[in-house]
Every structure is written in C-alpha cells, then in structure tokens.
Amino acid sequence: MGSEEFERVREAFDTNWIAPLGPHVDGFEHDLQEYMGVAHAAALSSGTAAIHLALIILGVQRGDYVLCQSFTFSGSANPIAYLGATPVFIDSEPDSWNMCPDALERAILDLKSQGKRAKVVIPVHLYGMPARMTAITEVARRHDLYIVEDAAEALGSTLDGNPCGSFGDISILSFNGNKIITTSGGGALLSNRAEWVQKARFLSTQARDAAPHYQHSQIGYNYRMSNVCAAIGRGQMTVLNDRVEARRRNHAYYKRSLSDLPGLSFLPEPAGCFSNRWLTCVLIDPERSGDVTRETVRLVLDAQNIESRPLWKPMHMQPIFTDAPNYGDGTSERLFMNGLCLPSGSNLSETDLQRVVKQIKTAYSNHD
Ligand SMILES: *Cc1c(COP(=O)(O)O)cnc(C)c1O
C-alpha cells in the first residue's frame with residue numbers, strides 16, 4: 001500500500017462514507033471500465049461472488065452443465081456447485097497452460113451426444129498468461145455458449161493488445177489480498193451489456209425491489225464492495241502498471257539466473273501475449289534434472305524459511321470434484337506434478353531474489 005491508497009481511505013473517513021456504497025465505488029467502477037475498455041463494471045465483495053452472479057445472470061440452474069478450466073483455483077469452479085449445476089472440466093494445453101480449445105470442443109460434442117447441453121464456459125488466464133481466447137471464443141460461438149472470462153489473476157495482461165478481462169460475455173476480476181492489486185478483499189464483474197451489470201448490482205445488494213419499504217421478489221446476495229475497499233482500489237489502480245513491471249522484473253531475473261539448470265523451464269509468452277507475470281512458475285522435469293523434483297526444491301527453500309508452492313492442483317483431481325466429468329490428455333496433471341510457484345511479490349528486492357536463486361542452485365548441487 002502507498003500514499004495514494006491512504007489518501008483515498010482518509011477521504012472516505014472524512015466524508016463518513018463507510019457504507020457498502022459511496023462515491024469511491026462509482027469511481028473505482030469508472031477506473032476499471034476505462035482501464036479495461038469495457039462499457040460497464042460492478043464492484044463486488046470477491047471474484048468468487050462475481051462468478052456466482054455471472055452464472056446466475058446467464059441463466060445457469062440446478063442440473064445444468066458448465067464447462068470450466070480444470071487447471072485453476074477453486075474459486076473458478078465453486079460457484080457452479082453453489083447453483084447445483086455440474087462442472088465439466090477441460091484440460092489445459094502446453095503453450096499457455098490454459099484451456100485447450102480442442103478439448104473444449106470434444107467435451108461439447110460428447111455432451112451433445114448424450115443429449116446434454118452446456119450454457120456457459122469459464123476459461124481462466126492462469127498466473128496472468130492469456131488463454132487462447134480467439135480459438136476458445138470461436139468454439140463457444142459455434143456451439144452457442146456464453147463465456148465467463150476468469151481474469152482474476154490477469155489484471156494488466158493483454159492478448160493482441162486487448163486487456164484480459166475484456167473478452168468474455170461477462171468477465172470477472174479479483175482484488176483479493178494475494179492478487180496483483182488488492183482492495184484487501186474484492187472483485188468485479190464486467191460486461192458491455194448494461195442490463196447484465198445492472199442485474200449484478202441489484203442481486204449483490206439483496207435484490208431489493210423499487211419500493212419505499214424493503215420488498216424482495218428474488219433471492220439476493222450481500223456481495224457489494226464497500227466504499228472503504230473501493231477507496232483502496234482506486235489508489236491501487238494508480239500503481240497497477242508499476243506492479244506489472246515489478247512482477248515482470250522478478251520473472252526476468254529468475255529466468256536469467258536459472259535457465260541453465262537442467263530440466264528447469266519457464267512458460268514463454270506465446271506470440272501476441274503480454275503476461276503480468278503475477279507469479280513466476282518453473283517446471284522441473286525429473287527425467288532431465290538428474291532426479292531433482294519440484295518437491296526437492298520446495299523443501300530446500302522451506303528449510304530457509306522461503307515459501308514456494310506447487311502449481312494449482314487441477315479441479316478434476318480434487319476430492320470435492322471427483323465425480324465431475326473431465327476432458328483432457330493429462331497436461332494439467334503434469335504441470336501440477338512438476339510445477340512450482342516461486343516467491344513473486346511486487347516488493348521483492350534484488351537481494352531477496354538472489355537468496356531464492358542461491359537456494360534453488362543449492363537444491364540442484366545437493367543432488368549431484
Ligand atoms: C483468486 C481467484 C478467484 C477468486 O477470487 P476471490 O476474490 O478470491 O474470490 C477466482 N479464480 C481465480 C483463477 C483466482 O485466482
């Protein structure tokens with residue numbers, strides 16, 4: 001947090017707007033619309049809430065099928081279960097680590113052959129790397145599916161010059177504490193369709209009808225962002241591009257320092273992609289690393305009080321989703337087996353990065 005955030009929070013206190021609504025909420029929504037080039041935005045309490053509302057607005061109901069990238073954080077998939085719908089998981093492809101358009105089409109056709117139809121597909125830009133949206137959109141259009149674009153990890157990333165978070169029929173962002181910018185907790189729903197964003201605002205404030213008393217003819221949610229959180233968000237928007245630069249600097253440093261290690265690789269940016277490099281991840285292939293595994297490296301770092309983490313465990317491997325259908329060739333399972341997220345905070349110093357690199361090299365030399 002910096003002085004911009006503090007100034008705006010002070011303003012919220014000075015004007016006594018400590019409510020779930022207020023001028024900073026409107027201002028933050030405006031900032032998001034400008035940055036993303038999307039006509040409408042609703043600031044909400046979390047990214048998960050945004051996905052939940054997006055699915056409701058697009059008509060997902062009990063018994064429906066929703067296609068979802070398997071290689072993701074559970075926040076992408078849980079809202080499908082909230083609605084009593086069935087998630088159908090789609091594997092990743094190796095170039096972006098995100099949804100494979102061919103596996104998506106295979107899933108759609110297979111469901112069709114069973115007389116089932118999905119309404120919505122949820123692609124994710126994991127770790128900030130843009131998914132193959134052109135091909136995914138083409139498949140979705142051909143089969144009459146809406147796209148809910150999960151850009152929770154990809155604020156500041158672009159694909160062919162367009163921001164991640166501007167591709168979906170509805171797109172969502174997260175401002176949780178671990179994301180590239182944060183409002184302490186928060187999210188947003190974006191769309192060019194005014195009535196959908198209007199509906200999100202309505203549902204997120206307990207679906208109150210226009211009446212002087214409190215009247216409700218639909219089930220609502222308490223999902224709106226508060227004016228204090230939005231104040232932080234407005235300040236954070238002014239440092240977003242610096243944060244992206246810092247994350248990309250981390251990535252460049254790790255890549256420069258570690259690329260010589262056998263069997264260790266990074267995810268390159270495919271043509272047309274610009275990643276915010278939210279987290280720097282490495283893959284360690286034990287067949288080429290002399291038996292060093294991601295777990296060897298993780299434990300050596302951990303012994304030095306340096307936290308690193310395996311990549312997201314795919315949703316189709318999660319105990320909660322074992323019964324859900326899954327379409328893929330094991331790409332996300334391999335990524336999970338061999339992948340490690342390195343320390344990637346925007347405030348890491350060169351000394352911090354040197355320390356991490358030194359320990360990773362130690363993990364390799366211990367193994368010689
Ligand atoms: C963080 C995250 C979410 C959920 O956002 P919250 O604000 O934490 O609810 C959804 N999808 C992905 C890919 C995420 O990383």
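**Exercise 1.** Is R142 buried, partly exposed or exposed?

*Solution.* Note that this model is predicted. Start with the value: R142 has 45% relative accessibility. Buried means under 20%, and exposed means over 50%. R142 therefore counts as partly exposed.

**Exercise 2.** Classify the partners in the salt bridges E295–R294 and E307–R309.

*Solution.* Take E295 and R294, with closest N and O atoms 2.8 Å apart. E295, at 26% relative accessibility, is partly exposed. R294, at 11%, is buried. Now take E307 and R309, which meet at 3.3 Å, N to O. Both of these residues are exposed. Elsewhere, shared partners join E29, R201 and R224 into one network of salt bridges. The whole structure holds 17 salt bridges.

**Exercise 3.** Describe how helix 2 packs against helix 8.

*Solution.* First, the geometry. The axes of helix 2 (residues 23-36) and helix 8 (residues 227-237) come within 8 Å and cross at roughly 35°. The crossing is left-handed. Next, the residues. Those in contact include F28, L32 and Y35 from helix 2, and A230, R234 and M237 from helix 8. Last, the classes: 8 nonpolar, 4 polar and 2 charged residues make up this contact.

How values were computed
Residues are numbered from 1 along each chain as its sequence is written. This is a predicted model: local features need pLDDT of at least 70, side-chain atom pairs count only at pLDDT 80 or more; totals for chains, interfaces and linings use all residues. Side-chain values use heavy atoms; hydrogens and water are left out. Axes are lines fitted to C-alpha atoms, for helices over the stretch in contact, and angles run from 0 to 180 degrees between N-to-C directions. Helices (H or I, at least four residues) and strands (E, at least two) are DSSP runs, numbered from the N terminus. A crossing is left-handed if the near helix is turned anticlockwise from the far one by less than a right angle, and right-handed if clockwise. Contact means heavy atoms within 4.5 Å. Ala, Val, Leu, Ile, Met, Phe, Trp, Tyr, Cys and Pro count as nonpolar, Asp, Glu, Lys and Arg as charged, and the others, Gly among them, as polar. A salt bridge is a side-chain nitrogen of Lys or Arg within 4 Å of a carboxyl oxygen of Asp or Glu. Buried means under 20% relative accessible area, exposed over 50%, partly exposed in between (1.4 Å probe, protein chains only).
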